[in-house]
Amino acid sequence: MTTLYAISILGIAIIGLIFQQKRIFALHKKVRKKEEGVEKTSKLLMEKNVELLDQNIRLQKLLEAKEDFIGIASHQLRTPITEIKWSLESILGENKEVKTISGKKIERLKKTHESADKMIRLIEDLLRLVHSEAGYGEYNIEEEHNIEDAIRNIIKTTEKRFAEKNIRVEKEFTFGKECLLIDKETIETTISNFIENAFNYTQDNGLIKIITKKTDGSFYFEVSDNGIGIPAHKQRAIFQKFQRANVAMQMNSGGIGLGLYTAKNIIEHHRGTVGFASEEGKGSRFYFTLPITKKKVETAQPPRTEALARSL
Amino acid sequence: MTTKAQKKHSVLCIEDDALLREILVEKLKSSGYKTLEASTGEQGIEVMQEKKPDIILLDLILPGIDGFEVLTKIQNNKDVQHIPVLILSNFGQAKDIKRGRELGAQDYLIKANLNPSEVVRKVGTFLSNA
């Protein structure tokens, strides 16, 4: 009896095992199928990855070619203007106090010198624009700079011209000596641009006021004038590319309308804000703010294809 | 402006644009410097090897070897590697500036942004700090 009992239990156990085995086998099959699927997908992904990498390399090469082209073009543009500028300085002398040429002719040479400088600034503007649109920010935000000193220096270089138009410049600097982590060159470009605009759009005997202060933990810079102002319907597009009020065109200020667009790009790259208020015939007030950032704090950089390609 | 110390200093201008070279050399001379000139990189290296100037103003786009190659040659040449080099070029993108500095240039001046008198002042500041 006991053996029969034992045999039947063994039999059941064997049958159970066989079923189990079958199930395992079926599961294995399923897993194998899934595995094949995964393999296929990963193969596809790898292929796509290679494709993407390839495209990225091509894209980067294209960007590099563009970059090289801009570099060469800017060199070619700058060189003849440098020849004009340097020749003029050698004729006029450092302080433009030439003695051998007289009267009107000196004035014309001085004007030519100014035009050469204007042309150089335009090339810089254009270059910066192309760079920022290509995602290549020419920013060097590694050092802290005394921004008020920078502003004072810029004002110094314009004093003579302001005096010639008899424009009074009022300064109200309360920000102090604190240094900011900024790209000095581009911020100086922005400050010059605001001051230059005020100069261009203010008539003789006008008044320009320049303010620095600390507000809400930020640096605040403002240039206001009692010049021609901006008509209401032109105000919306003021920070867009190639926008200049008609009145400004008539005043022949010589810009091509990239200044404020560039300024906005620069300030926003520094995580600051720009703004203005203006009334036609009464004047304008342009301002920007910059966060007070210190060294070793990470700053936002525009995405670079180079880095992207490397990370893949 | 001109001091006695400046008078002793000699400046080598490696610049292929004859007009710019002439204006710059004239300004340097009138500010009391001794000047040496070269219109190609190869010639520049020859001159610096022979005359050992106190400072070199180096253009980047030159016929024959370019300014970057000149910098490399200076770095590898014991006789002249101590001489400070200021790049003076209209080629001025961030990557060029970085490359120039990596190759040992002390400063990178963009011609169009400066007047000759400002270039001479930079030379003066550099020599007085050196």
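Me: Let me start with a residue I clicked on: where is K52(B) found?

Reply: K52(B) is in the loop of chain B that runs between α3 (41-51) and β3 (55-58). Keep in mind that this is a predicted model.

Me: Is K52(B) buried, partly exposed or exposed?

Reply: Buried means under 20% relative accessible area and exposed means over 50%, with partly exposed in between. K52(B) has 36% relative accessibility, so K52(B) counts as partly exposed.

Me: And what should I make of the phi of K52(B)?

Reply: The general idea first: most residues other than glycine have a negative phi. Now the case here: K52(B) is not a glycine, yet its phi is positive, near 45°.

Me: Which residue of chain A has a positive phi although it is not a glycine?

Reply: Look at N166(A), with a phi of about 55°. N166(A) sits in the loop between α3 (147-164) and β2 (168-173) of chain A.

Me: How many residues are in contact on each side?

Reply: Chain B brings 26 residues, and they are in contact with 21 residues of chain A.

Me: What about polar contacts and salt bridges between the chains?

Reply: Between chain B and chain A, 5 residue pairs are in polar contact, counting pairs where both residues are at pLDDT 80 or more.

Me: Which elements of chain B give two or more residues to the side that touches chain A?

Reply: They are α2 (18-30), β4 (85-89), α5 (94-102) and α6 (116-129). Of these, α2(B) gives the most, with 6 residues. Sorted by class, chain B's side has 13 nonpolar, 7 polar and 6 charged residues.

Me: Can we finish with one residue on chain A? Which residues does S87(A) touch?

Reply: Leaving aside residues up to four places away in sequence, S87(A) touches L19(B) and I23(B). S87(A) itself belongs to helix α1 (residues 2-92) of chain A.

Me: And why does S87(A) count as buried?

Reply: Because its relative accessibility is 19%, and the cut-off for buried is under 20%.

Terms used. Residues are numbered from 1 along each chain as its sequence is written. Chains are lettered from A and ligands numbered from 1 in the order in which they are written. This is a predicted model: local features need pLDDT of at least 70, side-chain atom pairs count only at pLDDT 80 or more; totals for chains, interfaces and linings use all residues. Side-chain values use heavy atoms; hydrogens and water are left out. Contact means heavy atoms within 4.5 Å. A polar contact is a pair of N or O atoms within 3.5 Å; within protein, one must be able to donate a hydrogen and the other to accept it, and residues adjacent in sequence count only if both atoms are side-chain atoms. Helices (H or I, at least four residues) and strands (E, at least two) are DSSP runs, numbered from the N terminus. Ala, Val, Leu, Ile, Met, Phe, Trp, Tyr, Cys and Pro count as nonpolar, Asp, Glu, Lys and Arg as charged, and the others, Gly among them, as polar. Buried means under 20% relative accessible area, exposed over 50%, partly exposed in between (1.4 Å probe, protein chains only).
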